[in-house]
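Biologist: I've got a structure open and I'd like to learn how to read it. Could you walk me through some features, one by one?

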Amino acid sequence: MASLSRSLTHFTKLGPLLQGTRAVTQVPNVSQRRTFTASKPFPVAQYGGRFTVTMMPGDGIGPEMMGYVKNIFRYAGVPVDFEEVQITQDSTEEEFENALICIKRNGVALKGSIESKYGDVSSGSRNATLRTELDLFANVLHCKSYPSVRSRYSDVDIILIRENTEGEYSMMEHENVKGVVESLKIITRKGSERLARYGFEYATRNGRKKVTAIHKANIMKLSDGLFLETCRNVAKEYPEIEFNDMIVDNTCMQVVARPQQFDVMVLPNLYGNVVSNVICGLVGGPGLLSGRNYGHHFAVFEPGTRNTGLSVAGRNIANPIAMLNAACDMLEHLKLHYHAELIRDAIDQTLNVDMIHTTDLGGQATSLDVVQNIIQVIQASTKENK
């Protein structure tokens, strides 16, 4: 009954989005206006020239990664103050609600992953709930090869844009009768259109040439059919951008066999989760890539694969690069480009010149080895600029 109640609650919240989703053929012609509010400045907390950002360390390696971020920010002179809120799998609902209020107040957050309780039907995923409550509908990953990291390909450069609030992650499931579980996959025209438009606007602003919509419309003809048809309609507004679509299982094979054919990908929630992990594996694993979560009002930055890393927590072997890249994404979002570039250059030198690699990349360096080298590069760079 608890899971049924939770499903009905989520269904009620999604009510305004669900109108007109029954028939794919009812998708109207999209408006010719090419505006997109998420590309406009976000409201952020700034006091006396310094930004206030919510920090949520999460579970596993999150707390130690956040410690590295704060240390590097101090040496780089970053004008950011963190309002730290600790949310774990054991936090109460009141604590979680307070964390959401904190993010809404500051507008921006840096986040570690929160462990989900497997098999506990009384509690949903805090990660998914946070994205839904803040309406962070677009998850953006820049999947790019590092020159010094040994991987199958050296020229991967893919932008993956994943729908973040709908699909199988709507957490609307219940057991109708003993042994029969029903899970609802929610795809809406509004959700599909804003994601597709974000993808095309991103391609236009960043000089990308092609957008690929990933789906399973050959089987899920209504839900994925709506997503695909909506993407096709939005594509008509952007004739300068090449558009194609691909079935998700073929996508996984093509990403491994010939990733160079992809430029920008737009995907429903679950497919985005699967494909992003495949691509991250191609370029070096979960310790490198960051993820950006955008809505119309808030932005949350985190490691790309959303892995808690419980098995390596506290052992000084976890790769800090993914979290540091997320922190740099956050700085760019705040228009602190000098500090973002300063830290990114130090990361680049540490990985690609000094070859300081943790064990997940085939090296022998510890987490602290990587962080200390980055700090040394930052110190040397700032001395040169004085």
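This is a predicted model: local features need pLDDT of at least 70, side-chain atom pairs count only at pLDDT 80 or more; totals for chains, interfaces and linings use all residues.

Biologist: Which residue does the side chain of E84 meet in a salt bridge?

Modeller: Here's the general idea: side chains of opposite charge can pair when their charged atoms come close. In this model E84 pairs with K70, at 3.1 Å from N to O. That pair ties together distant parts of the chain, with E84 in strand β3 and K70 in helix α2, 14 residues apart. K70 is partly exposed too, at 37% relative accessible area.

Biologist: How many salt bridges does the count come to?

Modeller: The count is 17. Another one joins E302 and K111, whose closest N and O atoms are 3.1 Å apart. Here the link runs from strand β13 (E302) to strand β4 (K111), across 191 residues of sequence. Both E302 and K111 are buried.

Biologist: What about D329: which residue does its side chain meet in a salt bridge?

Modeller: D329 meets R344, at 2.5 Å from N to O. The two sit in helices α9 and α10, 15 residues apart. D329 is buried, with a relative accessible area of 7%, while R344 is partly exposed at 24%. If you colour by charge, look for a network as well: salt bridges link R292, D329, E332 and R344.

Biologist: You mentioned α9. How many of its residues are buried?

Modeller: 12 of the 13, so the helix is mostly covered, as buried means under 20% relative accessible area. Among those buried residues are I321, L324, D329 and H333. To check its geometry, compare its span with the expected one: α9 reaches 18 Å from its first C-alpha to its last, close to the 18 Å expected. After the helix comes K335, with a positive phi near 65 degrees.

Biologist: How should I read a positive phi?

Modeller: Most residues other than glycine have a negative phi. M171 has a phi of about 55 degrees although it is not a glycine, and it lies in the loop between β6 and β7. M355 likewise has a positive phi, near 55 degrees, in the loop between α10 and α11.

Biologist: Are those two buried or exposed?

Modeller: M171 is buried, at 15% relative accessible area. M355 is partly exposed, at 44%.

Biologist: And a charged residue that is buried without a salt bridge: what is the nearest side chain of opposite charge to E201?

Modeller: That's R205, 4.1 Å away. E201 sits in helix α5, and its side chain has a polar contact of 2.7 Å with the side chain of Y238.

Biologist: To zoom out, what does the secondary structure of the chain come to?

Modeller: There are 11 helices and 13 strands. Of the 386 residues in the chain, 56% are buried. The accessible surface comes to about 17,300 Å², with 52% of that belonging to carbon and sulfur atoms. For contacts between residues at least 6 apart in sequence, 77% join residues at least 24 apart.

Technical notes
Residues are numbered from 1 along each chain as its sequence is written. Side-chain values use heavy atoms; hydrogens and water are left out. Helices (H or I, at least four residues) and strands (E, at least two) are DSSP runs, numbered from the N terminus. Buried means under 20% relative accessible area, exposed over 50%, partly exposed in between (1.4 Å probe, protein chains only). Lys and Arg count as positive and Asp and Glu as negative; His and the chain ends are not counted. A salt bridge is a side-chain nitrogen of Lys or Arg within 4 Å of a carboxyl oxygen of Asp or Glu. A polar contact is a pair of N or O atoms within 3.5 Å; within protein, one must be able to donate a hydrogen and the other to accept it, and residues adjacent in sequence count only if both atoms are side-chain atoms. Contact means heavy atoms within 4.5 Å. Accessible areas come from the Shrake-Rupley method with a 1.4 Å probe; for residues, only the protein chains shown count as cover. The expected span of a helix is 1.5 Å times one less than its number of residues.
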